[in-house]
Amino acid sequence: MDLTIAALLTQDGITNGAIYALLALALVLVFTVTRVILVPSGEFVSWGTLTLAGLQLGKASGIVGLVVGMAVLAAVMETWRCIRARELVRLPRALALWCGVPLAVATLLAFAAPMRLPLPFQVLLTLAAVTALGPLLYRVAYQPLAEASVLVLLIVSVALHFAMVGLGLWFFGAEGSRTPAFSAASFRVGSVTVSVQSLLVVGTSVALIGALALFFGRTLHGKALRATAVNRAGARLCGISPEFAGALTFALAALLCAFCGVLIGPITTVYYDSGFLISLKGFVGAIIGGLTSYPIAAAGSLLVGLIESFSSFWASAFKEVIVFTLIIPVLLWRSLRTQHHEEEEE
Amino acid sequence: MSTRPGPAPILQITNLAVSYGRVEALHGVSLAVEEGSIVTVIGPNGAGKSTLLGAIMGTLGSRGSVHYGGRDVMRLTVEQRVAAGLVLVPERRELFGAMTVADNIELGAFARLRRGERDALRSRDEVYARFPRLAERATQAAGTLSGGERQMLALGRALMARPRLLMLDEPSLGLAPIVVREIFSIVVALKASGVSILLVEQNARAALEVSDYGYVLETGECVLQGASRTLAADPRVAATYLGEAATPAA
């Protein structure tokens with residue numbers, strides 16, 4: 001291997017690592033706030049790519065139906081809740097939020113699809129559609145179980161993952177899709193060719209991570225999510241409802257995953273079931289961060305990307321094996337280093 | 001059942017019962033807090049005092065009735081009760097240890113800020129004026145505070161929600177005597193500013209000194225109640241909780 005190849009592999013690794021980092025952040029976010037291990041995050045990724053690919057062909061794809069279906073389900077659940085709590089005054093607002101907004105997004109997608117809008121608008125539509133699914137998934141599948149143990153929540157996640165892979169096959173078909181590169185341009189730095197596409201991916205990831213940091217550090221809602229992650233009981237006593245925190249978290253996670261899908265589309269061919277393997281790599285990064293540390297999770301994901309890229313050069317057949325073997329020393333290290341965690345300080 | 005005269009109480013609970021699985025921890029307790037007064041619940045460890053507060057707050061499921069500000073709140077969520085001004089400072093304080101003191105204070109007013117209440121910022125200045133120590137430590141992580149400062153932060157955070165009824169669970173627990181005195185003087189000052197207070201304490205002497213009315217809770221039942229001065233003079237209370245006269249074998 002000479003320097004040029006090493007530079008190329010590094011560039012590939014960082015590009016993929018930046019995408020895994022977004023996934024890892026989504027996983028850490030969802031776990032710390034809601035204790036859910038978001039196994040179906042991969043489906044949000046692949047649906048992001050496949051929805052965008054569909055829009056490229058002028059098709060709205062089945063995701064519209066899914067959004068509508070979930071919105072109706074959420075509306076029924078909200079109505080039932082309001083009736084049981086004898087709070088019909090709250091119903092219009094709940095319906096507007098849980099049914100009105102998703103239906104608006106679905107309608108927009110259905111109408112805009114045949115118009116073959118320019119790529120940036122298609123990306124926005126894709127992000128909106130996949131993001132809308134996040135809170136809906138939380139409302140329909142997780143919120144009724146909010147008090148359940150981590151294990152029960154994990155079982156639900158696995159079930160949802162399989163259900164969503166099936167739905168993906170139904171909506172998008174068995175063929176894989178690749179979306180066009182955002183830019184085919186490239187330039188040379190010394191003897192190394194840097195593609196603008198890679199720069200765009202890394203730049204978007206960095207911008208998103210910066211936006212997240214601002215959101216968590218500066219805004220009331222961001223602080224509320226952190227508070228819920230730090231101390232759920234204390235957050236409730238401050239009037240931060242777990243349902244609100246859960247829905248907001250899932251919206252953010254879905255948005256991050258949708259971004260991953262859009263960014264990874266030009267790099268690999270994505271099939272209806274590709275999401276799982278992609279999300280597992282983000283998961284390795286998140287585990288390196290102990291499912292709690294954002295910076296370590298992001299750094300870990302970058303490492304995953306680099307290892308993946310170099311191992312695909314040296315031992316392409318064992319690429320995945322090498323990446324996933326990485327988790328064994330990490331788990332050993334963590335289990336030796338971490339003492340038993342107490343719930344709270346006092 | 002309380003039959004004291006006066007205006008409608010801000011909190012009226014009737015036959016409140018709580019079970020943990022098959023074990024009933026609270027057996028039909030009734031209690032009332034008059035507007036603008038301090039009511040204390042004293043009793044030994046495990047009498048069900050914290051359980052009582054958890055049930056009133058809605059963090060624990062319960063049977064019976066809880067009327068707050070004249071309306072039945074049994075069906076309300078914890079967050080709705082907080083928004084209505086029913087606020088609890090729990091025994092464990094439940095601070096956001098990894099976040100700064102300033103963030104903890106700000107989040108105390110979460111519901112108000114979300115509703116767009118501008119005067120929430122004024123409440124913050126009031127809290128800092130009441131607890132100058134918190135203003136000094138505003139940028140420190142809450143987890144680095146001393147025990148007394150934590151209790152002040154927990155109180156300050158609760159005040160940010162602008163409580164009408166503030167429930168305090170063992171505010172003196174684990175604090176040095178001088179800090180305990182400070183905390184209790186703050187409680188009295190809060191009453192003067194119009195906040196009704198339900199105070200749960202093991203430190204019966206201090207609690208009966210500052211309160212207007214008291215209840216003695218033993219093994220999940222209310223065994224005695226009366227004006228605090230009367231309770232403090234009651235020979236049974238004096239013997240068991242104030243350590244006077246016939247001191248039980250220690």
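In the predicted model, helix 3 and helix 5 of chain A are in contact through a set of residues from each helix. Helix 3 of chain A contributes Ile63(A), Leu66(A), Val67(A), Met70(A), Ala71(A), Leu73(A), Ala74(A), Met77(A), Glu78(A) and Arg81(A). These meet Ala129(A), Val130(A), Leu133(A), Leu136(A), Leu137(A), Arg139(A) and Val140(A) of helix 5 of chain A. The residues of this contact comprise 14 nonpolar and three charged, with no polar ones. Helix 3 of chain A spans residues 63-84 and helix 5 of chain A residues 119-142; their axes come within 9 Å and cross at roughly 35 degrees. The crossing of the two helices is left-handed.

Chain B contains an open sheet of six strands, ordered 6-7-8-3-9-10, in which the pairing is mixed. The edges are formed by strand 6 (86-89) and strand 10 (221-227) of chain B; each has a single partner strand, so one side of each is left without a neighbour in the sheet. On average, neighbouring strands of this sheet are turned by 15 degrees against each other, direction ignored. Strand 3 (residues 38-42) and strand 9 (residues 213-218) of chain B run parallel and are joined by four bridges. Val41(B) has Tyr215(B), in strand 9 of chain B, as its bridge partner.

Two helices of chain B lie across strands of this chain. Helix 1 (residues 49-57) of chain B lies across strands 3, 6, 7, 8 and 9 of chain B, and runs at about 150 degrees to strand 7 (165-169). Helix 8 (residues 177-192) of chain B lies across strands 3, 7 and 8 of chain B, at about 155 degrees to strand 8.

Definitions and conventions:
Residues numbered from 1 in each chain as written. Chains lettered and ligands numbered in written order. Predicted model: local features only at pLDDT ≥ 70, side-chain atom pairs only at ≥ 80, totals over all residues. Heavy atoms only, no water. Pairing = 2+ DSSP bridges. Axes fitted to C-alpha atoms, helices over the stretch in contact; angles between N-to-C directions. Contact = heavy atoms within 4.5 Å. Left-handed = near helix turned anticlockwise from the far one by under 90°. Nonpolar A, V, L, I, M, F, W, Y, C, P; charged D, E, K, R; others polar.
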